[in-house]
Protein chains: 2
Amino acid sequence: MPAELIKAFELITPIPYAVITSLDAKGKPNAMGASWVTRTSIEPVLMLVSIDHSRYTHEGIEKNKEYVINYLTPEQTKAGWICGSESGRNGNKIKKAGLELIPSTTIKTPTIKDAQVALECKVVSTHETGDHTLFIGEVVAATINPQKTKHLYYTSDNRLIGMDEKGD
Amino acid sequence: MPAELIKAFELITPIPYAVITSLDAKGKPNAMGASWVTRTSIEPVLMLVSIDHSRYTHEGIEKNKEYVINYLTPEQTKAGWICGSESGRNGNKIKKAGLELIPSTTIKTPTIKDAQVALECKVVSTHETGDHTLFIGEVVAATINPQKTKHLYYTSDNRLIGMDEKGD
């Protein structure tokens, strides 16, 4: 990638950081850090996550057609980082991260306990974009912790920070 | 939308805010505020913008297959707000916003002068997602202002604020 473009992507941080929970082919939960996430429709309420073809989570969402977008709090920074930097293919990343899972309200994929916001999504379509797949998910339920004002953002120098509208 | 979901989307702000420049069918430049924007592939370098079917910009990008994602600075807050709250269908929103356009380096669609970052994109595919269309754009060039450390974010209470990793 040209140096100008690398710098451009550094400048447009910080960007919101979420942890995507999913189930693998055997029903085992997995969690992956993701910043390439956005809303994409008002009605129906759709979100999308862009996931690298090589990720273990990719296989799981392709198979089970559902996921949860969890926005973690500053207290969960280290756990969020582990979810973003290791693979769940070999071992239990969620346990290593010290995260506890709780049942979601409408889908089989669990939610991360104490997340600020968790959006339960059912996949309505998938689209290939270069080396990633867009999983378009209808938001069928949300769990919120209104007393938590901050969630994690990914920075230009590979850190996660908790921020709100007043800054970190 | 259920109250829980409205609150969930409020909690996950602030989110990065960009102004998308495009040309209409007659070649006239237009500018639209957008927060539903993310990267979606490493190689090729792809970005996506999710645009409501009713927007004037939708017609323009569909026709011309290119756009620029401009990240404005805190000095451009008012201009950014005008781009996000009015339509370019009737009148010259860019002039009203007091924005100056400069030629892009590789595509016909112009870049906003003094933006922190401008990403020039050529559309490689489009996908329908509910009431929006995803325009997937290959980033063919970037213009940056490295001395500008902040760009705009959209808040839960309908404001634009300039932020960096140290907060606003």
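How many residues of chain A are in contact with chain B? I looked that up before anything else.

**Ground rules.** I'm working from a predicted model, where local features need pLDDT of at least 70, side-chain atom pairs count only at pLDDT 80 or more, and totals for chains, interfaces and linings use all residues. Residues are numbered from 1 along each chain as its sequence is written, while chains are lettered from A and ligands numbered from 1 in the order in which they are written.

**Entry: the A–B contact.** I get 47 residues of chain A in contact with 47 residues of chain B; contact means C-beta atoms, placed from the backbone, within 7 Å. Helix H1 (3-11), E1 (15-16), E4 (37-41), E5, E9, E10 and E12 (160-163) of chain A each supply at least two residues of the side that touches chain B. E10(A) gives the most, with six residues. By class, I note 26 nonpolar, 13 polar and eight charged residues on that side of chain A. Here Ala, Val, Leu, Ile, Met, Phe, Trp, Tyr, Cys and Pro count as nonpolar, Asp, Glu, Lys and Arg as charged, and the others, Gly among them, as polar. Helices (H or I, at least four residues) and strands (E, at least two) are DSSP runs, numbered from the N terminus.

**Entry: E5(A) and its partners.** Six of the seven residues of E5(A) are buried, so the rest of the structure largely encloses this strand. Buried means 20 or more other C-beta atoms within 10 Å of the residue's own; exposed means 12 or fewer, and partly exposed is in between, with C-beta atoms placed from the backbone. E4(A) runs antiparallel to E5(A), joined by four bridges; pairing takes at least two DSSP bridges. The two form a hairpin with four residues between them, and I find Val37(A) opposite Val49(A). E5(A) also pairs with E10(A), antiparallel again, over seven bridges, with Ile51(A) opposite Thr133(A).

**Entry: H2(A).** In this helix (residues 56-64) I have Thr57(A), Gly60(A) and Ile61(A) as buried. They line one face, because down the axis they fall within an arc of 95°, the arc being that of the directions from the helix axis to the C-beta atoms. Their cover includes E5 and E10 of chain A. Lys65(A) follows the helix with a positive phi, near 60°.

**Entry: H3(B).** Which residues are buried in this helix? I list Ala79(B), Gly80(B), Cys83(B) and Gly84(B). They cover an arc of only 135°, which puts them on the same side of H3(B). Lys78(B) and Ser85(B) are exposed on the other side. Among what covers the buried residues I see H4 (93-97) and E11 (151-154) of chain B.

Key:
Two residues are in contact if their C-beta atoms, placed from the backbone, lie within 7 Å.
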